[in-house]
Amino acid sequence: MLFLFSLAVHSQVTITGVVKDSSKDTPLPFASILINSGERILSDVDGKFVLEGMSTTGHFTVAYVGYSPKRVNIKPGQTYYAVSLDEQTEELEADVITSEDPALRIIREAIKRRDVNDPLR
């Protein structure tokens with residue numbers, strides 16, 4: 001029984017790390033870290049995080065707005081992770097407006113006919 005308890009204690013570790021921008025090597029404050037138990041934590045203002053009670057065989061996913069999320073597999077014996085996220089760029093499609101706003105057309109007609117539509121006349 002004591003042997004099983006010691007295995008359970010040793011199979012959980014505290015993991016520390018930092019989340020950085022891969023191109024600028026600057027920390028990403030308040031990055032979202034989702035651990036495999038479903039719990040979500042945030043990195044601090046310097047991009048640093050601490051994950052307590054992690055399994056030595058699990059994983060965690062780091063995400064940040066405007067960056068591609070990254071899944072990190074936990075390696076036995078490794079307790080510090082420097083996670084670099086790549087910027088996620090997306091080309092937005094441009095819309096071209098080819099017709100005039102109907103409200104603008106109505107306003108122009110009202111201005112053109114203001115003498116005819118004047119109630120004081």
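**Briefing: salt bridges, sheet and aromatic pairs**

Lys112 and Glu109 join their side chains in a salt bridge, with N to O at 3.3 Å (a salt bridge is a side-chain nitrogen of Lys or Arg within 4 Å of a carboxyl oxygen of Asp or Glu). The model is predicted: local features need pLDDT of at least 70 and side-chain atom pairs pLDDT 80 or more, while totals for chains, interfaces and linings use all residues. Residues are numbered from 1 along each chain as its sequence is written, and side-chain values use heavy atoms, without hydrogens and water.

**Salt bridges**

- The structure holds four salt bridges.
- Lys112 and Glu109 are three residues apart in helix H2, so about one helical turn separates them (helices are DSSP runs of H or I with at least four residues, strands runs of E with at least two, numbered from the N terminus).
- Lys112 is exposed, at 64% relative accessible area, whereas Glu109 is partly exposed at 29% (buried is under 20%, exposed over 50%, partly exposed in between, with a 1.4 Å probe and protein chains only).
- Glu87 and Lys24 meet in another salt bridge, at 3.9 Å from N to O.
- That pair links distant parts of the chain, 63 residues apart: Glu87 is in the loop between S7 and helix H2 (102-112), and Lys24 in the loop between strand S1 (12-21) and S2.

**Sheet**

- Four strands form an open antiparallel sheet in the order S3-S2-S5-S6 (two strands pair if DSSP finds at least two bridges between them).
- Strands S3 (40-42) and S6 (70-73) are at the edges with a single partner strand each, so one side of each has no neighbour in the sheet.
- Three bridges join S2 (residues 32-35) to S3, and Ile33 stands opposite Ile41 in S3.
- Leu42 is found in strand S3 and counts as exposed at 54% relative accessibility.

**Aromatic pairs**

- The whole structure has three aromatic pairs (rings of Phe, Tyr and Trp, the last by its six-membered ring, pair if their centres lie within 6.5 Å; planes under 30 degrees apart are stacked, over 60 edge-to-face, the rest tilted).
- The ring centres of Phe60 and Tyr81 are 5.7 Å apart and the planes are at 85°, so this pair is edge-to-face.
- Phe60 lies in strand S5 (residues 59-63) and Tyr81 in strand S7 (residues 80-85), so the pair ties together parts 21 residues apart in sequence.
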